[in-house]
Amino acid sequence: MKLSITVGALAAATASAFMAPSTGLRGQVSTTSLQALAEGVTPIVIGLAADSGCGKSTFMRRVTSTFGGDQCGPLGGGFGNGGWETNTLVSDMATVICLDDYHLNDRGGRKISGLTALNTAEQKFDLMYEHVRALKEGKSVMKPIYNHVNGTLDAPEKIEPTPVIIIEGLHPFVDERVRDLIDFSLYLDISPAVKLNWKIQRDMEERGHSLESILASIEARKPDFDAYIEPQKQFADYIIEVLPTDLDPEDKKTLKVRAIQRKGVPDFSPTYLFDEGSEITWIPSADKLSSPAPGIKVAYRQEEYFGNDVAVLEMDGNFDNIQELVYVESNLGNTNSKFYGEVTQAMLSLADSPGSNNGTGLMQTLAAFAIRELYNKKAAAAKLASNKKVAAAAA
Ligand SMILES: Nc1ncnc2c1ncn2[C@@H]1O[C@H](COP(=O)(O)OP(=O)(O)OP(=O)(O)O)[C@@H](O)[C@H]1O
Ligand SMILES: O=C(CO)[C@H](O)[C@H](O)COP(=O)(O)O
């Protein structure tokens with residue numbers, strides 16, 4: 001993902017606020033968004049870590065549309081986009097900042113240093129920390145821009161604080177000071193075989209790159225990915241792991257997706273299947289959730305991940321019809337939905353996005369709802385505290 005976003009305003013902890021239309025205008029903040037900040041709602045910071053090409057843009061679209069945005073397509077954005085303007089996507093509720101903007105050197109500079117952009121020595125962590133802290137304190141910042149078309153560092157742009165600040169990219173959890181500012185952290189863990197398939201689909205089929213160049217680029221990035229990106233998994237509250245299916249060893253396209261959800265995170269309750277805390281493997285009836293071969297399997301387990309207790313929700317296989325997903329949804333608990341079937345409705349609203357027929361779309365939607373709930377809880381607590389203050393002053 002090569003952009004930053006500001007998305008749909010949230011004045012209070014109500015569902016209707018999430019339905020507010022987004023302005024979709026970079027650099028402008030809506031009255032409701034300002035109102036939320038004025039009411040003492042401290043912006044929450046969400047961190048999303050993943051390698052390039054691992055579905056961050058796709059995931060962000062699900063998150064921003066959950067916040068009542070316009071699905072927040074990039075305003076500039078993306079490799080090969082001649083109209084590239086900025087890494088920042090803006091609407092009126094949430095700002096999504098792409099951390100590529102904090103690269104230390106431009107592309108030419110990295111040729112001289114001999115380091116890749118994955119190397120932590122190539123990031124400006126002091127500036128990243130100062131900016132995230134300032135935004136969380138409700139102050140605007142002048143954020144640099146890394147231009148992916150030219151490989152240059154362009155003139156900085158002004159970013160205003162919004163109720164939700166999302167920082168996404170290669171290194172959101174490397175710097176301890178930045179980590180401490182993050183309220184909820186997510187990691188997209190895409191297995192090498194799946195990453196290769198997605199890269200082939202995008203870079204070969206859509207961008208005309210050769211298979212050799214894609215393989216060479218993955219190979220060249222691997223040592224630094226292993227050294228600097230992957231270790232951040234241990235700091236994530238919510239990991240979406242994407243693996244080849246277990247249902248058919250020959251099948252290289254079907255996916256098994258695991259939402260690894262840390263227990264004990266403030267304002268976050270992991271989604272469960274049927275019975276919280278249990279161990280379940282479920283093959284839904286094909287009459288209620290039809291699927292192409294090799295079928296579909298849902299599971300729920302209690303595991304340990306980097307020494308932390310986690311609840312894991314799994315979906316292996318594809319489904320034919322998104323509407324039928326409501327059968328699975330009706331058996332999930334802690335989905336953070338506002339009404340019956342909202343998860344399925346959110347999936348339907350982005351039916352054309354990659355992963356809408358499998359667990360990637362489902363887990364991303366559940367994560368998006370968890371972020372919304374986290375904000376709602378923090379906003380409600382801030383409002384309560386502010387009301388108490390007003391009442392105490394009046395007494
Ligand atoms: N859930 C999914 N299922 C299938 N393919 C997917 C999925 N998510 C992403 N992809 C594929 O991977 C490609 C990269 O996705 P996306 O642009 O969202 O990743 P990104 O992390 O934002 O990439 P970059 O950082 O390089 O801009 C997409 O073009 C799409 O083909
Ligand atoms: O990993 C990346 C983005 O997440 C890119 O490789 C990095 O930002 C450098 O970009 P470019 O190759 O356009 O110079």
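In this predicted model, Glu-314 is buried, with a relative accessible area of 6%. The residue sits in strand β13, which spans residues 308–316. What does the side chain of Glu-314 meet there? A polar contact of 2.9 Å joins it to the side chain of Arg-301. Beyond the neighbours within four places in sequence, Glu-314 is also in contact with Lys-256, Val-257, Arg-258, Lys-297, Val-298, Ala-299 and Met-363, and Arg-301 belongs to this list as well.

A step back shows the setting of this residue. The protein contains 11 helices and 14 strands. Of its 395 residues, 55% are buried. The accessible surface amounts to about 16100 Å², and carbon and sulfur atoms account for 52% of that area. When contacts between residues at least 6 apart in sequence are considered, 71% of them join residues at least 24 apart.

Attention can now turn to ligand 2. Which residues come nearest to ligand 2? Among the 12 residues around it, these are His-103, Arg-107, Tyr-146, His-148 and Arg-221. By class, the shell is made up of 4 nonpolar, 3 polar and 5 charged residues. For Tyr-146, an N or O atom of the side chain is 2.5 Å from an oxygen atom of ligand 2. For Arg-107, the distance from a polar side-chain atom to a ligand oxygen is 2.8 Å, and for His-148 a side-chain N or O atom is likewise 2.8 Å from an oxygen atom of ligand 2. On its own, ligand 2 has 370 Å² of accessible area, and the protein covers 88% of it.

Aromatic rings provide another kind of pairing. Such a pair of rings is described by the distance of the centres and the angle of the planes. The structure holds 6 aromatic pairs. In one of them, the ring centres of Phe-274 and Trp-282 are 5.0 Å apart and the planes lie at 75°, so this pair is edge-to-face. Elsewhere, ring pairs link Phe-184, Tyr-238 and Phe-268 into a cluster.

Finally, some details of the backbone deserve a look. The peptide bond from Ala-293 to Pro-294 is cis, with omega near 10°. Pro-294 belongs to the loop between β11 (280–282) and β12 (297–305). Another loop, between β14 (332–333) and α10 (342–349), holds Asn-334, and Asn-336 is found in the loop between β14 and α10 too. Phi is positive in Asn-334, near 55°, although the residue is not glycine. Asn-336 also has a positive phi, near 65°, and is again a residue other than glycine. As for their cover, Asn-334 is partly exposed at a relative accessible area of 28%. Asn-336, at 17% relative accessibility, counts as buried because buried means under 20%.

Note on methods. Residues numbered from 1 in each chain as written. Chains lettered and ligands numbered in written order. Predicted model: local features only at pLDDT ≥ 70, side-chain atom pairs only at ≥ 80, totals over all residues. Heavy atoms only, no water. Near = heavy atom within 4 Å. Polar contact = N/O pair within 3.5 Å; in protein donor to acceptor, adjacent residues only side chain to side chain. Areas by Shrake-Rupley, 256 points an atom, 1.4 Å probe, with all protein chains shown as cover. Nonpolar A, V, L, I, M, F, W, Y, C, P; charged D, E, K, R; others polar. Helix = DSSP H or I, 4+ residues; strand = E, 2+ residues; numbered from the N terminus. Buried < 20%, exposed > 50% of the residue type's maximum accessible area, 1.4 Å probe, protein only. Contact = heavy atoms within 4.5 Å. Phe/Tyr/Trp six-rings, centres within 6.5 Å; stacked < 30°, edge-to-face > 60°.
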